[in-house]
Amino acid sequence: TYMIGGISVSHESSAKLGDGNVNIFEGDEYKSSPTDIRAKFEHYKPNNVLLSAVEWDHADVYPTISSYFDAFKRLLDNVNNVSGTIVLNADNSGIQKLIRENKFEKTKIISYGAKKADFLYSNVENTKLGLTFEISNSGQIYKIVSPMLGSFQAENITGCFAMAYNLGLDAKTIIEAISNFKGIKRRLEKRFSGDIDVYDDIAH
């Protein structure tokens, strides 16, 4: 079962009700509705969280940096209360601050990044056909090929790899899924390929 915040190029819809025991939801910190200023992710009770970045945003909802970080602390407290797992981007200073200033003693923490982390990505190469790079973990090196564009996607993909691996998926299955996922519509979406390639991007 999954629900994501965009329209997938690779799937029929942005949400699906499956029969497995894993539910994947994309959540963000913006207010739930005009009358409910709680972060959308505060309506979820996750056992595991993949945290890609924490950088002060949405000043209309969070007038101070501390109020913004408090929303993420509440999210991670929920994970800590169920002795869950946080997969975090070790290269993001906001996440480092959040972990440093709070105690999540019952939480399993797994890091990913390009510098010092449990799952390290390196040798990133971009071509008009997509992205190639390597992920290393515990002495193993995994070669990744993705049709998506942008070096930043190596960071995102590594976080997803780390979470999927932690949930018990084998590396071969994860790598195959990565190679088949074409991304989200209007996010550097290739609309035409020829002498000139045409891409559609919302530039949000």
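What follows looks at a helix, its surroundings and one asparagine.

Keep in mind that this is a predicted model, where local features need pLDDT of at least 70, side-chain atom pairs count only at pLDDT 80 or more, and totals for chains, interfaces and linings use all residues. Residues are numbered from 1 along each chain as its sequence is written, and side-chain values use heavy atoms, with hydrogens and water left out.

Start with helix α2, residues 93–100; helices here are DSSP runs of H or I with at least four residues, strands are runs of E with at least two, and both are numbered from the N terminus. Its buried residues are Gly94, Ile95 and Leu98, where buried means under 20% relative accessible area, exposed over 50%, and partly exposed in between (1.4 Å probe, protein chains only). These residues span an arc of only 95° around the axis, so they sit on the same side of α2; the arc is taken from the directions from the helix axis to the C-beta atoms.

Now hop over to Asn48, in strand β6. Asn48 is partly exposed, at a relative accessible area of 29%. Leaving aside neighbours within four places in sequence, Asn48 is in contact with Gly84, Thr85, Met163, Asn166 and Leu167.

Methods:
Contact means heavy atoms within 4.5 Å.
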